[in-house]
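Reader: I would like to learn how to read a structure like this one. Can we take it feature by feature?

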Amino acid sequence: MAASQTPPGQCPQCWEHAHNPRIHRKLKAREDCKPCLDHMNNGCPYLVPKTASKWW
Ligand SMILES: [Zn+2]
Ligand SMILES: [Zn+2]
């Protein structure tokens, strides 16, 4: 299953990490995901615009 398209209003990175288990699979059991931590602490720098979409 491919979750490559991020829905409007979502952060592409957070979406990708939340829906693609392979990204976190390479981390060790207790290892933190740096990109996820960064977005959690600093917020997401970019969200997919809700209006500009040709997928709808
Ligand atoms: Zn992550
Ligand atoms: Zn994010």
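Reader: Leaving aside neighbours within four places in sequence, which residues is Ile-23 in contact with?

Author: Contact means heavy atoms within 4.5 Å. By that rule, and with neighbours within four places in sequence left aside, Ile-23 is in contact with Glu-16 and His-17. Ile-23 itself sits in helix H2, residues 21-25. Its C-alpha atom is separated by 9.0 Å from that of Cys-33, ten residues along the chain.

Reader: What should I know about the model and its numbering?

Author: This is a predicted model: local features need pLDDT of at least 70, side-chain atom pairs count only at pLDDT 80 or more, and totals for chains, interfaces and linings use all residues. Residues are numbered from 1 along each chain as its sequence is written, chains are lettered from A and ligands numbered from 1 in the order in which they are written, and side-chain values use heavy atoms, with hydrogens and water left out.

Reader: What is the average pLDDT of the protein chain?

Author: pLDDT is the predictor's confidence in each residue, from 0 to 100. The protein chain averages 87, and 84% of the residues score at least 70. Confidence is lowest in H2, at a mean of 93, and highest in H3, at 97.

Reader: How many helices and strands does the protein chain have?

Author: Helices (H or I, at least four residues) and strands (E, at least two) are DSSP runs, numbered from the N terminus. Here there are three helices and zero strands. Along the sequence the pattern reads α-α-α.

Reader: Which residues are the protein donors of the zinc ion (ligand 2)?

Author: They are Cys-11 (SG), Cys-14 (SG), His-39 (ND1) and Cys-44 (SG), lying 1.9 to 2.3 Å from the zinc ion. The site is tetrahedral, with angles of 102 to 118° among its four donor atoms. Along the chain these donors follow the spacing C-x2-C-x24-H-x4-C. Cys-11 lies in the segment before helix H1 (12-19) and His-39 in helix H3 (residues 34-42), so the pair ties together parts that are 28 residues apart in sequence.

Reader: Are Cys-11 and His-39 buried or exposed?

Author: Buried means under 20% relative accessible area, exposed over 50%, partly exposed in between (1.4 Å probe, protein chains only). Both Cys-11 and His-39 are buried. Cys-36 is buried too, at 16%. Cys-14 is partly exposed, at 28%, and His-24 is partly exposed, at 31%. Of the 56 residues of the protein chain, 18% count as buried.

Reader: How many disulfides are there?

Author: A disulfide is a pair of cysteine sulfur atoms within 2.5 Å. By this rule the count is zero.

Technical notes
Donors are N, O and S atoms within 2.8 Å of the metal (3.2 Å for Na, K and Ca); water is not among the atoms, so sites may look incomplete. Four donors count as tetrahedral if all angles lie between 85 and 135 degrees; four count as square planar and six as octahedral if opposite donors are over 155 degrees apart and all others between 65 and 115; anything else is irregular.
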